[in-house]
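Welcome! Here is a short briefing to read alongside the sequence and the 3D view.

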Amino acid sequence: MNVSRARVASTTAALASVASLLLLAPPAVSADSGTEISDYGNGCVVDPGNRAVTVDSLRFRCSVTQQDQIYRDAQAGAVATGPTNGWVTRPPQLEAAAPALWVGKVFRTGPDGGTLTNRVTGAGIEAFPADVYRAPSILDGAPTWALNYAPSPTPQVYDEIREITPGVWFGYSWWREGSWPLLASFVLTPA
C-alpha cells in the first residue's frame, strides 16, 4: 500500500510540475512562422502563421477598439502586390452590402509604391484607380501605405493600409472633407 501511495504522490507531483510549466509558458507561437500570436482578447487574435485566423478575427471577433489597436501596433510593412481579396469590417451596414459591389484591389506596385484599381463585383471589373505611396497615417501619424484616389472619379476618398501580418493588410477609407470622417475599415489578402 505504501508503495502505491508513493507512486501516486510522485505522479501527482510530476503532473503538477508539468502543469505549472504550461501555465508559465511564453505566449502562443505560430507553428508556421515562429512568430508570436498577438491576442487582443475575446477571440481577437493576429496570427502571423495563419491568414485565415487573422482575417476571421478582424471580420467577426475584434471590436472597433481592438481593430484600431491592431492597426496602431503594426508598421507599414510591405506594400500589397497583384490582385487581393477584400472584406469590409465596419460599418455593419456596409459589411453586408460590400460583397456585391467590391471584392478587393489589384496592386501594380514595387517596393516604393505604384498604383491600384479596385475589383468591382465578382465579374473582374476594375475601376477607381489610386496612387499608392508611403505617407503619415490619418489615424496616428505613423508611416502607412496611402491609397490616394485623387486621380479617379472619387477624389474625395483616401485609404490607408498597413501589413499587420505577412500577407494581411488592414486599413481605413476616409472621406476628404471637413474632419475626414471614416467611411469604412477593411482587410485585404492576396487573391
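A residue counts as buried when its relative accessible area is under 20%. By that cut-off, both Cys44 and Cys62 are buried. Keep in mind that this is a predicted model.

**The disulfide**
- A disulfide is a covalent bond between the sulfur atoms of two cysteines.
- The structure holds one disulfide, formed by Cys44 and Cys62 with their sulfur atoms 2.1 Å apart.
- Cys44 sits in the loop between β1 (38–39) and β2 (45–46), while Cys62 sits in the loop between α2 (51–61) and α3 (64–73), so the bond ties together parts that are 18 residues apart in sequence.
- The torsion about the S-S bond of Cys44 and Cys62 is about 90°, so this disulfide is right-handed.

**The largest pocket**
- The largest pocket has a volume of about 480 Å³.
- It is lined by 17 residues, and the closest to its centre are Leu94, Trp102, Asn118, Val157 and Ser173.
- Elements giving two or more residues to this lining include α4 (92–101) and β5 (113–120).
- Sorted by class, the lining has 12 nonpolar, three polar and two charged residues.

- In soluble globular proteins, nonpolar side chains tend to be buried together.
- The largest nonpolar core has 19 residues, and Phe107, Leu116, Val132, Leu147, Ile161 and Leu188 have the most contacts inside it.
- β10 gives the most to this core, with three residues.
- Among the residues that Ile161 touches are Phe107, Leu147 and Leu188.
- A second, separate core has 17 residues, including Val55, Ile70, Tyr71 and Ala146.

How values were computed:
Residues numbered from 1 in each chain as written. Predicted model: local features only at pLDDT ≥ 70, side-chain atom pairs only at ≥ 80, totals over all residues. Heavy atoms only, no water. Disulfide = S-S within 2.5 Å. Helix = DSSP H or I, 4+ residues; strand = E, 2+ residues; numbered from the N terminus. Buried < 20%, exposed > 50% of the residue type's maximum accessible area, 1.4 Å probe, protein only. 1 Å grid on protein atoms, 1.4 Å probe; cavity = no way out; pocket = protein on both sides within 12 Å on 5 of 7 lines; lining within 4 Å. Points joined across faces, edges and corners; volume = space filled by probe spheres on them. Nonpolar A, V, L, I, M, F, W, Y, C, P; charged D, E, K, R; others polar. Core = buried A, V, L, I, M, F, W, Y, C linked by side-chain atoms within 4.5 Å. Contact = heavy atoms within 4.5 Å. Lists of a residue's contacts leave out its neighbours within four places in sequence.
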